[in-house]
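Take a look at the structure below. Then read on, and keep the view open as you go.

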Amino acid sequence: MLKASSLFYAIVISLIIALISSSLILFAYFNKQQFQRYLQYEKVIRNVDSGMNLLLGDDEAVPLNTELEVDLFQAGSDMVFLKRRSWGAFEVAVSKATFKGYTHKRVAQIGSNLFQDKEVALYLADQNKALSLCGNTEIKGTAYLPRAGVKRAYIEGQSFVGNQLIEGEVRESDKTVPDINMGMIDVNAAYLEGSYNAEDSVVNFAKAQDMDRLHRSFSQPTVLFFSEGPIDLGGQSYHGNIVFVSSASVYLSRNSDLKDVLIYAPEVIVEDGFSGTVQAFAGQVMNVGKNCRFEYPSVLGLINTYPEEGVALHLGEGSELSGVLFAYQKQSSRKLQLQLTIEKDALIRGQVYSSATVELKGAIHGSLACQRFMLRTPSSVYENHLLNAVIDPSLLSAHFVGINLLSHSYQAAANDQVQLKQIVQWLE
Amino acid sequence: MAGMTLKEILNAKARAATLVESLVAMVIVLISFGIALMIYVNIADSSNSQLKLNAHLTLSEALTETIQDEAYIDEETKKGILTIVKTVQPYGRSGSLVAIHLEAKDGNGKVWGVLDKIASK
């Protein structure tokens with residue numbers, strides 16, 4: 001017998017409708033929740049970017065080597081953790097925001113430029129001696145020169161072969177090279193004098209020598225390897241947030257694998273053929289061998305705060321550096337002149353600064369500021385002479401970001417505005 | 001009805017439902033459909049989130065354009081049914097930063113999305 005049972009069928013249909021309805025409710029709920037989460041994540045990412053812009057654009061908002069929690073728009077819902085600290089000659093900026101367990105963070109290496117005007121090729125202090133050019137010397141761009149000006153000269157059987165001595169505007173220089181940024185010098189001189197940052201994780205290099213490989217994130221505390229004796233980094237691989245400090249010397253060999261690390265020692269020796277990205281600071285001597293490659297952003301600096309003799313930075317023949325090369329000696333007298341030498345076929349893409357003498361035989365695709373030139377030949381020593389040297393800022397990448405080499409007072413006078421920092425590279 | 005012939009099936013007596021049973025069944029089905037319809041309408045209403053998403057995407061696009069073109073001026077632009085209101089103010093003391101505030105409003109002035117960002121000039 002066929003049963004009608006309409007009540008039973010009605011309940012079954014109702015149940016099916018209920019199931020479909022509850023599925024729709026769940027779908028709508030999760031969809032809405034997902035959308036809200038997406039909006040919040042977007043907001044977190046935007047706030048982190050805003051924080052990074054704040055770090056780049058306003059030094060006073062977050063002073064160097066401090067960390068702050070900032071309410072970006074004073075609404076109570078846009079809290080960002082900001083930190084700015086020095087990293088060699090550059091700075092590292094951290095911007096971080098968290099929302100309901102979701103954390104977004106950006107870490108960047110930041111820098112700025114020697115001259116706001118990227119056309120500046122040369123700043124040679126006025127020591128009452130003209131600049132003499134010989135051979136195939138090329139200076140392209142604005143040049144700040146002594147009042148005595150620039151002239152052709154004939155040495156080592158070579159006279160000036162170009163059509164124009166300076167291919168650019170010539171302006172008058174002051175008696176001394178513009179003051180170096182002492183803030184940057186003090187930060188790095190402290191490491192050379194054995195004064196470490198309290199936050200650094202200090203490790204005796206002798207005890208950690210078995211660990212020949214370390215890649216350290218910039219989100220973690222800095223690992224500082226120190227040694228009273230020499231440090232030999234041959235055959236070792238170190239990347240990231242790592243500092244080496246030696247009271248004697250640091251040796252980089254051609255099989256060292258170094259990226260973004262800092263090196264401090266009275267003496268830094270680099271073997272022929274080395275390749276890597278480092279910021280190395282020497283107190284007395286830095287000797288870079290032949291055909292070495294220092295990738296961007298590298299810095300080689302000589303900081304001599306206790307004036308002494310025999311202080312020299314030497315960049316070997318055929319070596320290349322993309323970044324910054326500088327030599328600074330405190331209260332240098334003519335007797336205690338430090339010597340910065342750029343050998344034949346060496347190439348620097350970026351900034352070069354010396355508070356004393358520069359011997360330039362290679363090429364600079366960027367700018368150079370120095371007190372005087374010195375040229376040694378087998379037969380004689382010439383002052384303010386350049387032979388087969390090139391200084392051409394137009395060959396430097398438009399995206400190049402260097403460091404704040406000059407004092408703020410000089411920059412303010414030169415640029416009439418506050419200099420904006422720029423991102424050198426993203427670290428995380 | 002297994003084992004029944006077609007003749008037996010056709011001759012069998014079908015038991016009818018009572019009037020009460022039928023009425024109750026109709027009421028249950030009507031209530032079920034009613035609730036389902038309410039849910040459907042609610043979900044259809046929640047397609048407001050579609051408008052919110054549109055507003056958000058339009059605001060993101062406007063923000064990108066503002067920064068790319070460095071158009072750091074207050075302005076109102078019509079994008080579909082939404083009006084994007086942009087307000088730009090100096091941020092901090094450096095003079096090199098601006099706070100960009102963007103709002104997406106409909107014809108009734110209801111705000112469907114807001115974006116804030118600090119940018120460098």
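What follows is a walk through the two chains, from the whole down to single residues. Keep one thing in mind: this is a predicted model.

Start with chain A as a whole. It holds three helices and 33 strands. The spans of the C-alpha trace can be read along the principal axes: about 125 × 50 × 40 Å.

Now look inside chain A. Of its 428 residues, 43% count as buried. Next, consider the contacts between residues at least 6 apart in sequence. Among these, 51% join residues at least 24 apart.

Next comes one sheet of chain A. It is open and has three strands, in the order 9-6-31, with parallel pairing. Which strands stand at the edges? They are strand 9 (150-152) and strand 31 (385-387) of chain A. Each has a single partner strand, so one side of each is left without a neighbour in the sheet. From one strand to the next, the twist averages 25°. Zoom in on one pair. Strand 6 of chain A covers residues 131-134, and three bridges link this strand to strand 9 of chain A in the parallel sense. One bridge can be found by name: A:S132 has A:K151 in strand 9 as its partner.

Is A:L124 buried or exposed? Count the other C-beta atoms within 10 Å: there are 25. A residue with 20 or more is buried, so A:L124 is buried. Leaving out residues up to four places away in sequence, A:L124 touches A:L131, A:Y144, A:L145, A:P146, A:S173 and A:C370. A:F244 lies 120 residues from A:L124 along the chain, and 34 Å separate their C-alpha atoms.

The second stop is A:I263, in strand 20 (residues 257-270) of chain A. A:I263 has 27 C-beta neighbours inside 10 Å, so it counts as buried. What does A:I263 touch, not counting residues up to four places away in sequence? The list is A:F244, A:V250, A:V268, A:V278, A:A280 and A:F281. A:K83 is 180 residues away from A:I263 along the chain, with 23 Å between the C-alpha atoms.

Turn to chain B. It is divided into domain 1 (16-45) and domain 2 (52-120). The centres of these two domains, taken over C-alpha atoms, are 48 Å apart.

Chain B also has a hairpin to trace. Strand 1 (residues 75-79) of chain B and strand 2 (residues 82-91) of chain B run antiparallel, joined by five bridges. Across the pair, B:E76 stands opposite B:V85 in strand 2. Two residues lie between the strands of this hairpin, and B:G80 takes a positive phi near 65°. How many of the five residues of strand 1 of chain B are buried? The count is zero, and the strand is hardly covered.

Finally, see where the chains meet. The contact takes 37 residues from chain A and 34 residues from chain B. On the side of chain A that touches chain B, 23 residues are nonpolar, eight are polar and six are charged.

Key. Residues numbered from 1 in each chain as written. Chains lettered and ligands numbered in written order. Predicted model: local features only at pLDDT ≥ 70, side-chain atom pairs only at ≥ 80, totals over all residues. Pairing = 2+ DSSP bridges. Helix = DSSP H or I, 4+ residues; strand = E, 2+ residues; numbered from the N terminus. Axes fitted to C-alpha atoms, helices over the stretch in contact; angles between N-to-C directions. Buried ≥ 20, exposed ≤ 12 C-beta atoms within 10 Å, placed from the backbone. Contact = placed C-beta atoms within 7 Å. Domains from an automatic or database assignment. Nonpolar A, V, L, I, M, F, W, Y, C, P; charged D, E, K, R; others polar.
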